[in-house]
Amino acid sequence: LWLHYRTIENKKVLKDYQQAIQSISIQKGSETLDIINEEVKHALNTMLQQKTPTANKNSNSLIISKSISLKSGKNSSSLSNELAQLTDEGYLIQSIEGNTIITSKTDIGLLYGTFHFLRLLQTEQPIDDLSIVQSPKTQIRVLNHWDNLDRTVERGYAGFSIWNWHTLPEYIDQRYIEYARANASIGINGTVLTNVNANALVLTPSYIEKVKALADVFRPYGLKVYLTARFSAPMEIGGLKTADPLNSEVQKWWQQKTDEIYRSVPDFGGFLVKANSEGQPGPQNYGRTHVDGANMLAKALKPHNGIVMWRAFVYSEHDPSDRAKQAYSEFVPFDGQFADNVLVQVKNGAIDFQPREPFHPMFGAMPQTPLMMEFQITQEYLGFSTHLVFLPKLFEEVLQSDTYRKGKESIVAKVVDGTLHNKKLTGMAGVANIGTDDNWTGHPFGQANWYGFGRLAWDPYLSSEEIAEEWLRLTFSTNEDFVEPMKKLLIQSRETVVKYMTPLGLHHIMDAHHHYGPGPWISKMGRPDWTSVYYHKADSIGIGFDRTTSGSNATSQYADPVAAQFNNISNTPQKYLLWFHHVPWDYQMLNGKTLWNNLALTYQEGVDEVEEMVSTWHKMEPYISKLEFKEVEMLLSIQLKEAKWWKNACMLYFQQFSDKPFPAEMEKPE
Ligand code: GCU
């Protein structure tokens with residue numbers, strides 16, 4: 001991953017660092033502090049090519065400690081003022097009196113500060129005048145593993161689940177430790193071990209013992225364990241006749257189950273719940289509401305400081321009009337009714353992790369409820385682990401979208417970090433792309449998406465460019481001839497995938513079953529909303545989903561002026577055109593060309609851009625290991641083949657409706 005430290009490449013920088021860090025002094029006395037000691041020694045040995053002695057020298061020392069005593073009183077008081085401003089996970093990194101000081105209120109804060117400092121070294125930043133004050137902007141920064149107990153991973157493309165339930169609790173795989181270390185290095189502080197389509201078995205005593213073993217490994221890295229709670233568990237493993245949240249036996253069962261978990265895992269984080277969605281059980285099975293269900297679990301967790309992450313991803317086969325509207329319609333009326341330890345976890349868009357979606361209209365629309373962001377790191381709809389797509393660019397686009405809920409600048413990031421409506425409980429979840437593959441994520445560049453998710457969960461205002469540059473420098477090389485073109489490639493890669501899969505606001509036109517490759521045609525999946533034609537609605541007149549006031553009226557779920565903008569075809573950004581409008585094939589677009597020609601040319605651009613990615617990559621050979629170079633080369637050639645597949649399949653399919661020739665600039669389908 002990004003933690004395989006390399007010797008500092010630039011000789012001058014290396015000399016400066018060796019000069020600045022002639023000794024280290026690191027606090028001892030806890031498992032976390034031991035981890036810091038090990039990490040620093042290992043990192044400096046490799047990066048600085050020196051065995052840095054442990055000593056308390058007067059200057060040129062790296063000092064990592066919760067209590068810092070300084071010679072100059074003035075500095076000392078400003079340090080303690082700054083320390084007081086930090087959250088428990090925050091840290092300071094300061095150059096004071098010729099030393100580099102990392103300090104914090106807690107051991108975990110020191111660990112985060114240490115990783116930040118090591119990142120500065122590996123990316124070759126100046127360290128002679130540091131004045132860094134950092135606290136995470138969101139509180140709960142979790143990976144969601146869609147891992148099943150049989151080790152298959154729903155929508156996982158990097159091997160099997162890394163949790164080996166068979167050998168737990170006795171056998172602690174080194175991977176668990178590396179996993180915790182990698183997460184700590186980017187500030188992730190929680191992990192939901194199990195699939196949202198939950199199996200109640202994980203709540204039985206023999207699994208709780210295994211969960212405890214993992215929690216014990218993760219604790220010194222600041223990583224809390226959470227589980228998914230199958231709503232019908234009281235019946236399946238508790239022998240009750242109902243799972244009705246208002247039934248006192250059911251409430252008692254959850255209370256006792258929760259207490260039982262906390263006896264084994266005293267810092268257990270809480271439950272993640274998918275209820276009444278895609279056939280999963282939930283409170284509505286008993287005529288109850290999301291509030292009834294969430295609050296019942298919240299009550300059981302409350303005495304232990306646990307939380308509920310209740311997912312808003314709901315859509316039913318019974319309302320075929322517009323699936324995009326359902327979560328908002330079902331949840332927004334409940335604003336203010338959820339217990340104070342419940343977060344509603346909302347996907348970034350109203351459909352389902354498409355290559356591009358407008359931000360979910362729930363963001364900003366529930367001022368009295370903490371809403372947490374759910375991003376998908378695993379590339380379910382973006383070419384699995386085969387296509388190179390840098391997702392922080394997608395995450396950034398959503399976080400920067402303006403909801404206008406409290407006037408201009410009410411961006412989604414402010415909902416997520418709680419500042420828009422003054423929320424204390426805040427969080428971001430990422431559906432993990434991790435598996436047993438040697439490189440963890442299948443595609444070597446999938447690691448960048450795990451990395452970028454963690455960085456954005458810590459600070460949702462970071463730019464995707466900054467993240468791309470950091471990750472490239474950490475993982476491969478600091479040579480500008482590598483970093484600059486590759487940064488460009490990463491940043492462009494998200495738009496490229498949109499162009500060759502779902503341009504101009506198209507969505508959900510992949511194969512309906514496994515979600516890989518194009519499938520704009522009618523599928524045999526049964527439900528009307530599980531077939532692509534429901535979403536693109538191509539006919540002889542045009543293409544796109546009319547979600548305006550004359551259509552499904554989903555635009556009204558946004559605040560004005562966003563609603564007005566999306567409602568009016570001439571004001572709608574072209575990237576969302578077919579998301580909100582059914583547009584005639586001959587509609588004239590901003591560049592003066594027809595919609596049909598634009599569709600064709602955008603697909604073609606997508607293909608051309610993958611070709612450019614291939615040629616950029618070929619120039620990178622000197623900077624990359626042979627193996628990784630070859631791996632990415634092979635993957636890119638599949639991506640190129642499949643970009644053409646998408647273009648050809650979609651254009652040939654849509655041509656049946658448009659009845660128009662392909663523009664000359666588009667390479668004809670073979
Ligand atoms: C998508 C995905 C499912 C997943 C669901 C969810 O529909 O295809 O595998 O269970 O999202 O987020 O709950």
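Student: Why does Asn422 count as exposed?

Tutor: Keep in mind that this is a predicted model. Asn422 has 7 C-beta neighbours inside 10 Å, and a residue is exposed if that count is 12 or fewer, so Asn422 counts as exposed. Asn422 sits in the loop between helix H12 (412-416) and strand S13 (427-431).

Student: What is the phi of Asn422?

Tutor: Phi of Asn422 is near 55°, a positive value in a residue other than glycine. Most residues other than glycine have a negative phi. Glu97 is another case, with a positive phi of about 50° although it is not a glycine. Glu97 belongs to the loop between S3 and S4.

Student: What makes Val533 partly exposed?

Tutor: For Val533 the count is 15 other C-beta atoms within 10 Å. Since buried needs 20 or more and exposed 12 or fewer, Val533 is therefore partly exposed. Val533 is placed in helix H16 (residues 533-536). From Val533 to Ile543 there are 10 residues in sequence and 10.0 Å in space, C-alpha to C-alpha.

Student: How do you know which strands are the edge strands of the open sheet?

Tutor: Start with the order, S1-S2-S4-S3-S5, for the 5 strands of this open sheet with mixed pairing. Strand S1 (23-26) and strand S5 (131-134) each pair on one side only, and these are the edge strands. From one strand to the next the twist averages 10°.

Student: What makes S1 and strand S2 (residues 61-64) a pair?

Tutor: They are joined in the parallel sense over 4 bridges. At least two bridges are needed, so S1 and S2 pair. In S2, Leu62 is the bridge partner of Ile24. Side chains of S2 go two ways: Ser61 and Ile63 point one way, Leu62 and Ile64 the other way, and all are buried.

Student: Which helices lie across strands of this sheet?

Tutor: Helix H2 (residues 31-47) lies across S1 and S2, running at about 165° to S1. Helix H4 (residues 107-122) lies across S2, strand S3 (91-96), strand S4 (99-103) and S5, at about 55° to S3.

Student: Which strands form the closed barrel?

Tutor: The closed barrel runs S6-S7-S8-S9-S10-S11-S12-S13, 8 strands with parallel pairing. On average its neighbouring strands are turned by 25° against each other, direction ignored.

Student: How do you know that strand S9 (residues 270-273) and strand S10 (residues 307-311) pair?

Tutor: There are 4 bridges joining them, and they run parallel. The pairing rule asks for at least two, so S9 and S10 meet it. Phe271 stands opposite Val308 in S10. Helix H9 (residues 290-301) packs on the sheet, where H9 touches S9, S10 and strand S11 (342-347) and makes about 160° with the direction of S10.

Student: Which residues surround the ligand, and how many of them are charged?

Tutor: The ligand is surrounded by Glu154, Arg155, Val196, Asn197, Lys274, Phe313, Asp352 and Glu380. This shell divides into 5 charged, 2 nonpolar and 1 polar. Asp, Glu, Lys and Arg count as charged.

Student: What is the omega of the bond that joins Leu168 and Pro169?

Tutor: Omega is about 5° there, and the bond is cis. Most peptide bonds are trans. Pro169 lies in the loop between strand S6 (140-144) and helix H5 (174-185). The bond from Asp560 to Pro561 is also cis, with omega near 5°. Pro561 is in the loop between strand S14 (542-543) and helix H17 (562-567).

Student: To finish, which domains does the assignment give?

Tutor: The protein chain has domain 1 (11-134), domain 2 (140-475) and domain 3 (498-545 + 582-658). The C-alpha centres of domain 1 and domain 3 are 48 Å apart.

Terms used. Residues are numbered from 1 along each chain as its sequence is written. This is a predicted model: local features need pLDDT of at least 70, side-chain atom pairs count only at pLDDT 80 or more; totals for chains, interfaces and linings use all residues. Domain bounds come from an automatic or database domain assignment. A residue is near a molecule or strand if its C-beta atom, placed from the backbone, lies within 6 Å of it. Axes are lines fitted to C-alpha atoms, for helices over the stretch in contact, and angles run from 0 to 180 degrees between N-to-C directions. Two residues are in contact if their C-beta atoms, placed from the backbone, lie within 7 Å.
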